[in-house]
Amino acid sequence: MKLVLTGYGKMGRLIEEEAQKKGWEVLAALDGPDLGRLEDLPSADLVIDFSHPDTLKPLEGYVRRTRTPLLSGTTGYSEAQLERLRQLGAAAPVLYSANYSLGVALLRRMLERFGPVLLESFEPELVEKHHRQKADAPSGTAVLLADALDPDRRLRRVYGREGFCGERSQDEMGLFSVRGGTVAGEHTLYFFGQDETLSLAHSAASRRIFAVGAVKAAALLAKRSPGFYTLDEILFLPEKEMPYPNA
């Protein structure tokens, strides 16, 4: 398997290590000014992107030119940029997820399945914790989980509370971001009901779990037809059950 990496920070290096354990060849690991090489880089079996939203434009050009499958874990995309990623699925298999942990994928599916029941009787609040270098807030994973619980965004999202806020209304969901130290990532959803509280939580001990999950998903993505995929589709649905095309 021949691999191109875009974004060569801590996550990029971990992905490189995990890919090399599988015997994959890293054709190029690009970051910053080196991203210009995408204009002339030959086709690979996969491109894995953990970089910055600004990298999307050169990535689009590379994928459309070479038809190389793209796995993206970049967070901070606007809705317009996410739509461009979806449209890119017409040219090649494209997988986007804000989190490549198997545990988070399972938690997301639980929220999708039981969300309507939970929201009938409980008031949801979400708290996420990350290391001090985390640039975006709330985290991409927090947004992913909130969207799984409330896909139609019927709840008003409250990003922190201050001062005299009055009584909490039932049509809101709080999202709170905590930053500090070296926390790899913790996400807890609280469901507050009458005389009872339910919580669902996921904690990452290190970033490596995301690299391992990304490499596993990338190997599966390379076998797919062109289309735009979510992580749970790749992990939990057999290829024969996948709807094509889904871009």
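In what sense do strand 6 and strand 8 pair, and over how many bridges? In this predicted model, strand 6 (residues 123-130) runs alongside strand 8 (residues 172-179) in the parallel sense, and the pairing covers 6 bridges. If you want a spot to look at, take Leu126, whose bridge partner in strand 8 is Leu175.

Strand 8 has another partner too: strand 7 (residues 156-158) pairs with strand 8, again in the parallel sense, over 3 bridges.

**Two helices side by side**

Now for some helix packing. Helix 2 (residues 56-66) and helix 3 pack with their axes 11 Å apart, at an angle of about 10 degrees. Angles under 35 degrees count as roughly parallel, so that is the label for helix 2 and helix 3. On the helix 2 side, the contact is made by Leu56, Lys57, Glu60, Val63 and Arg64, and these meet Gln81, Arg84, Leu85, Gln87 and Leu88 of helix 3. By residue type, the contact of helix 2 with helix 3 splits into 4 nonpolar, 2 polar and 4 charged.

**The pockets**

| Pocket | Volume | Lining | Types in the lining |
|---|---|---|---|
| Largest pocket | about 870 Å³ | 37 residues | 12 nonpolar, 20 polar, 5 charged |
| Second largest pocket | about 720 Å³ | 28 residues | 13 nonpolar, 7 polar, 8 charged |

Start with the largest pocket. The lining residues nearest its centre are Met11, Phe50, Thr75, His131 and Lys134. Helix 1 (10-21), strand 9 (185-193) and strand 10 (196-204) each put at least two residues into this lining. Helix 1 gives the most, with 3 residues.

What about the second largest pocket? Nearest its centre, among the lining residues, lie Leu82, Tyr96, Val143, Leu144 and Asp147. Four helices each supply at least two residues of this lining: helix 3 (79-88), helix 4 (102-121), helix 5 (140-149) and helix 7 (231-236). Helix 5 has the largest share, 5 residues.

Key
Residues are numbered from 1 along each chain as its sequence is written. This is a predicted model: local features need pLDDT of at least 70, side-chain atom pairs count only at pLDDT 80 or more; totals for chains, interfaces and linings use all residues. Side-chain values use heavy atoms; hydrogens and water are left out. On a 1 Å grid over the protein atoms alone, a cavity is a set of points where a 1.4 Å probe fits but cannot get out, and a pocket is an open set with protein on both sides within 12 Å along at least five of seven lines; lining residues have an atom within 4 Å of a point. Grid points are joined across faces, edges and corners, and a volume is the space filled by probe spheres set on the points. Ala, Val, Leu, Ile, Met, Phe, Trp, Tyr, Cys and Pro count as nonpolar, Asp, Glu, Lys and Arg as charged, and the others, Gly among them, as polar. Two strands pair if DSSP finds at least two bridges between them. Axes are lines fitted to C-alpha atoms, for helices over the stretch in contact, and angles run from 0 to 180 degrees between N-to-C directions. Angles under 35 degrees count as roughly parallel, over 145 as roughly antiparallel, 65 to 115 as roughly perpendicular and the rest as oblique. Contact means heavy atoms within 4.5 Å.
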